[in-house]
Amino acid sequence: MLVKLAPSVLSANFFDLKADVKKLEEYGVDLLHVDVMDGIFVPNISFGIPIAKALKENTNIPLDVHLMIDRPHRYIKEFAKYADILGFHYEAGSDVAETLKEIRTLGCKSCLTIKPCTAAEDIFEFLPLCDMVLVMSVEPGFGGQSFMPSALPKLQALKKEIDRLGLDIDLEIDGGINGETAELAYKAGANVLVAGSYVFAKEEMAQRIAKIKELRYNEL
Ligand code: DX5
Ligand code: ZN
């Protein structure tokens, strides 16, 4: 199974975003993870549509937009203009099936995301409408938190159900991913790894990216 790396822009230098994105292009990453927070669904505010637009217009790296906003259906049309993958939270108060369908209709890949408090089984019924599922391994809202191992059995359960249904769905993990936790998540079934603080730590970005990408060559 190939691993895709999705560095989170939340940990980039906003005064020189261009330089950070150029580095990611040079070192070779698969997706740019774009964390949108509204101060209501999560206790933090990050950025919104103008940053998604600026990224879309200035890089060819596909955008993986992670909406951490209340009632996300209100903003799907706007973000779909810039996202390649558009994800929202199961817990955020929108009609899950309708929102997943709308995302696909607008030409994006759909992603359903679950917080640490939500069981994998709660979203089984929606899997046929998902192109990706995102399991949070921290409480959403902030970068730099520690990985919660309780995400691992959820990845395993989702992977098992996805395989049982014969679906082609990416399984993404987000929160506290580093060289060690990346391997645990990968072994539990994740094939898309979000990493913020680990990738953007001051030195050695190239080596850090390479370390995660090495996983591509290990057999499960
Ligand atoms: C948290 C965000 C994550 C975060 C990851 O709410 O969804 O994407 O940026 O940051 P790290 O990798 O530092 O945990
Ligand atoms: Zn995220």
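User: Which residues line the second largest pocket?
Analyst: In this predicted model, the second largest pocket is lined by Leu 17, Lys 18, Val 21, Lys 22, Glu 25, Ile 51, Ala 54, Leu 55, Asn 58 and Thr 59.

User: And which elements give two or more residues to that lining?
Analyst: Those elements are H1 and H2, and the largest share, five residues, comes from H1.

User: What volume does the second largest pocket have, and how does its lining divide by class?
Analyst: The volume of the second largest pocket is about 180 Å³, and its lining has five nonpolar, two polar and three charged residues.

User: OK, now the largest pocket: what is its volume, and how many residues line it?
Analyst: The largest pocket has a volume of about 280 Å³, and 29 residues line it, with Gly 143, Gly 144, Asp 174, Gly 175 and Gly 176 lying nearest its centre.

User: Which element gives the largest share of that lining?
Analyst: That is S2, which supplies three residues, while the elements that each supply at least two residues are S2, strand S3 (63-68), strand S8 (192-195) and helix H7 (197-200). By class, the lining of the largest pocket holds 12 nonpolar, 15 polar and two charged residues.

User: Changing topic, how many aromatic pairs are there in the whole structure?
Analyst: A search of the whole structure finds two aromatic pairs. In one of them, Phe 14 and Phe 47 are tilted, with 5.7 Å centre to centre and 50 degrees between the planes.

User: Why does that pair tie together parts that are apart in sequence?
Analyst: Phe 14 lies in the loop between strand S1 (4-7) and helix H1 (17-27), whereas Phe 47 lies in the loop between strand S2 (32-37) and helix H2 (49-58), so the pair joins parts that are 33 residues apart in sequence.

User: Is Phe 47 buried or exposed?
Analyst: Phe 47 counts as buried, at 11% relative accessibility, whereas Phe 14 is partly exposed, with a relative accessible area of 40%.

User: What about Tyr 90 and Phe 126?
Analyst: Tyr 90 and Phe 126 form a tilted pair as well, at 6.3 Å centre to centre and with 55 degrees between the planes. Tyr 90 sits in the loop between strand S4 (85-89) and helix H4 (96-105), and Phe 126 in the loop between strand S5 (109-114) and strand S6 (132-136), so that distant parts of the chain, 36 residues apart, are linked.

User: Where does the charged end of Lys 115 sit?
Analyst: The charged end of Lys 115 sits over the ring of Phe 41, 5.3 Å from its centre, and the charged end of Arg 208 sits over the ring of Tyr 198, 5.1 Å from its centre.

Notes: Residues are numbered from 1 along each chain as its sequence is written. Chains are lettered from A and ligands numbered from 1 in the order in which they are written. This is a predicted model: local features need pLDDT of at least 70, side-chain atom pairs count only at pLDDT 80 or more; totals for chains, interfaces and linings use all residues. Side-chain values use heavy atoms; hydrogens and water are left out. Rings of Phe, Tyr and Trp (its six-membered ring) pair if their centres lie within 6.5 Å; planes under 30 degrees apart count as stacked, over 60 as edge-to-face and the rest as tilted. Helices (H or I, at least four residues) and strands (E, at least two) are DSSP runs, numbered from the N terminus. Buried means under 20% relative accessible area, exposed over 50%, partly exposed in between (1.4 Å probe, protein chains only). A charge sits over a ring if NZ of Lys or CZ of Arg is within 6 Å of the ring centre and within 35 degrees of the ring normal. On a 1 Å grid over the protein atoms alone, a cavity is a set of points where a 1.4 Å probe fits but cannot get out, and a pocket is an open set with protein on both sides within 12 Å along at least five of seven lines; lining residues have an atom within 4 Å of a point. Grid points are joined across faces, edges and corners, and a volume is the space filled by probe spheres set on the points. Ala, Val, Leu, Ile, Met, Phe, Trp, Tyr, Cys and Pro count as nonpolar, Asp, Glu, Lys and Arg as charged, and the others, Gly among them, as polar.
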